[in-house]
Amino acid sequence: MKIAMLTSECNPLYKVGGLADVVYSLSKKLIELGDNVVIVVPYYKNGSTHFDYEPKKICEYNIFMSWRKQYVGLYEYKTNGVTFYLIDNEFYFKRDTYYGWGDDAERYAFFSMAAVEALMAVKFRPDVLHIHDWQVGMVPCYIKERIDSRTDFYHKTKTVLTIHNPAFKGMMDKYCLNNYYGLNDRLFDNGIVRFDGQVSTLKSAIAYSNIITTVSPTYRDELLNYSTSQGFKYCLELRKDDFYGIVNGLDIEEFDPKTDPFIHRQFNPRSYILGKKQCKADVLASLGLSPKEKDKNNPLVSMVTRLYEQKGMDLVVQIIPELVQRNCFIAILGSGDPYIQQRLEKLRDKYPNNIALYLGFNNQLAHKLYAGSDLFLMPSLFEPCGIGQMIAQRYGTLPIVRETGGLKDTVVGYNPISNNVKKANGFSFIDYDLNGLRYACNVALDTYFNNVEAFRTIIHNAINLDRGWENSAKKYQEIYRKALLK
Ligand code: GLC
């Protein structure tokens with residue numbers, strides 16, 4: 001099958017969050033399974049790209065955003081069997097950061113329209129156009145309402161939307177419909193793309209795509225539930241029969257403790273005890289935490305995350321003093337909300353012997369933390385899938401999660417009362433409050449300190465999980481086949 005992925009970020013070129021990992025690793029697996037996949041991304045020029053060679057220019061053309069004629073340079077780049085098409089326009093994409101600009105709605109309108117033309121320019125007529133999140137949300141509507149009357153290029157193409165993070169809705173004023181996409185105001189007036197008095201590109205994608213997916217079965221259910229739906233309950237309800245939840249896989253080559261070049265000592269599911277011990281000593285040293293001999297076995301609790309409310313950071317700052325009291329080392333790697341950063345810095349200054357912070361992103365340190373920690377904290381308020389908890393498990397680091405979205409689907413919390421130690425592969429709690437998190441941390445630490453055997457069994461269960469893309473990629477193939485019947 002011929003599949004074109006449209007996304008605002010993608011490994012190994014540009015990464016902000018899990019979206020980049022997922023599009024890339026899913027595409028690689030689909031190619032391995034015999035599909036023909038191309039990925040279209042913006043050609044960002046912000047100094048942090050990872051090209052092995054200069055992308056090759058294929059052609060240039062103009063698109064019209066209403067009356068404005070805009071240049072598009074189309075480039076091709078191939079790596080690991082994956083073909084990327086890059087959309088160049090320095091006015092839109094030569095900036096210090098990927099997102100967060102006042103004209104993001106316009107930047108991604110440009111990208112969406114240019115990407116639709118790009119596939120025509122390279123004559124890649126996809127069976128399925130797989131779009132990801134709000135940035136490219138207008139594409140199915142734009143093709144149906146504007147392109148289909150001009151050319152038959154996309155007449156047989158079906159569209160699949162994957163919702164990775166619906167907290168970002170792609171809100172824009174109604175005048176943008178015409179001013180960017182040349183679309184008629186009628187689409188706003190009749191309600192199809194209207195959301196909260198504005199246009200939401202994500203809502204438009206929900207209305208116009210042949211099939212909709214999100215990144216775990218539980219998160220699908222949460223999106224159909226009023227209080228956790230981010231406002232999309234009613235429009236998703238109308239599409240319920242075409243709406244699926246598929247849990248993300250992991251790039252198991254990138255995250256493999258047997259071969260990981262970033263970690264101090266590689267290990268496998270049998271040699272993890274010694275391996276993790278050495279990795280822990282190494283990562284504590286690189287964080288500037290130098291425990292006294294008697295403290296060396298104290299647990300290292302880590303987080304690798306974006307520092308936002310979504311990730312449960314308000315609970316984390318409250319639980320930290322209690323973790324310190326129980327002799328934990330705490331390491332947090334991430335960046336985001338300046339207010340949360342400040343609160344973490346204050347805690348670090350108060351407990352400098354226990355807490356290490358790295359504000360920013362550092363891939364090598366992330367790998368070291370996954371390998372060298374004992375526990376991995378992820379008490380998210382909501383989590384469509386989550387990747388950190390799965391990586392942690394693969395490195396024998398037990399996640400402490402809230403039972404929400406994909407976290408619920410990927411972690412079985414240890415319950416000492418029902419004694420599910422044979423199945424458990426982490427720790428979990430339900431209610432989003434300090435007591436909930438405190439409960440899960442206490443179970444984890446009690447097990448760590450007082451029940452080594454159970455703790456090791458849980459590590460054994462986690463480290464042996466099969467997290468590859470095989471199953472989920474096959475589910476996507478099924479979805480694509482269903483889309484073709486639409
Ligand atoms: C978003 C979600 C996260 C998910 C990722 C990839 O970042 O917040 O839960 O794992 O997308 O699908």
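A polar contact is a pair of N or O atoms within 3.5 Å; within protein, one must be able to donate a hydrogen and the other to accept it, and residues adjacent in sequence count only if both atoms are side-chain atoms. In this predicted model, local features need pLDDT of at least 70 and side-chain atom pairs count only at pLDDT 80 or more, while totals for chains, interfaces and linings use all residues. Residues are numbered from 1 along each chain as its sequence is written, and side-chain values use heavy atoms, with hydrogens and water left out.

**Ligand site**

- A polar side-chain atom of E383 sits 2.5 Å from a ligand oxygen atom.
- C385 places a backbone N or O atom 2.9 Å from an oxygen atom of the ligand.
- At P384, a polar backbone atom is 3.4 Å from a ligand oxygen atom.
- On its own the ligand has 310 Å² of accessible area (Shrake-Rupley method, 1.4 Å probe), and the protein covers 95% of this area.
- The ligand is surrounded by 14 residues, each with a heavy atom within 4 Å of it; H164, N248, E383, C385 and G386 are the closest.
- Helix α1 (residues 18–32) gives the largest share of this shell, three residues; helices are DSSP runs of H or I with at least four residues, strands are runs of E with at least two, and both are numbered from the N terminus.
- The shell divides into six nonpolar, six polar and two charged residues; Ala, Val, Leu, Ile, Met, Phe, Trp, Tyr, Cys and Pro count as nonpolar, Asp, Glu, Lys and Arg as charged, and the others, Gly among them, as polar.

**Second largest pocket**

- Two or more lining residues come from each of α10 (272–286), α16 (434–450) and α17 (452–463).
- The largest share, nine residues, is from α10.
- Twelve lining residues are nonpolar, five polar and six charged.

**Salt bridges**

- The structure holds 29 salt bridges, each a side-chain nitrogen of Lys or Arg within 4 Å of a carboxyl oxygen of Asp or Glu.
- R68 and E106 form one of them, at 4.0 Å, N to O.
- R68 is in strand β4 (residues 68–79) and E106 in helix α3 (residues 104–121), 38 residues apart.

**Backbone**

- N11 and P12 are joined by a cis peptide bond, with omega about -10°.
- P12 is in the loop between β1 (2–6) and α1.
- K123 is not a glycine, yet has a positive phi of about 55°.
- The loop between α3 and β6 (128–132) holds K123.
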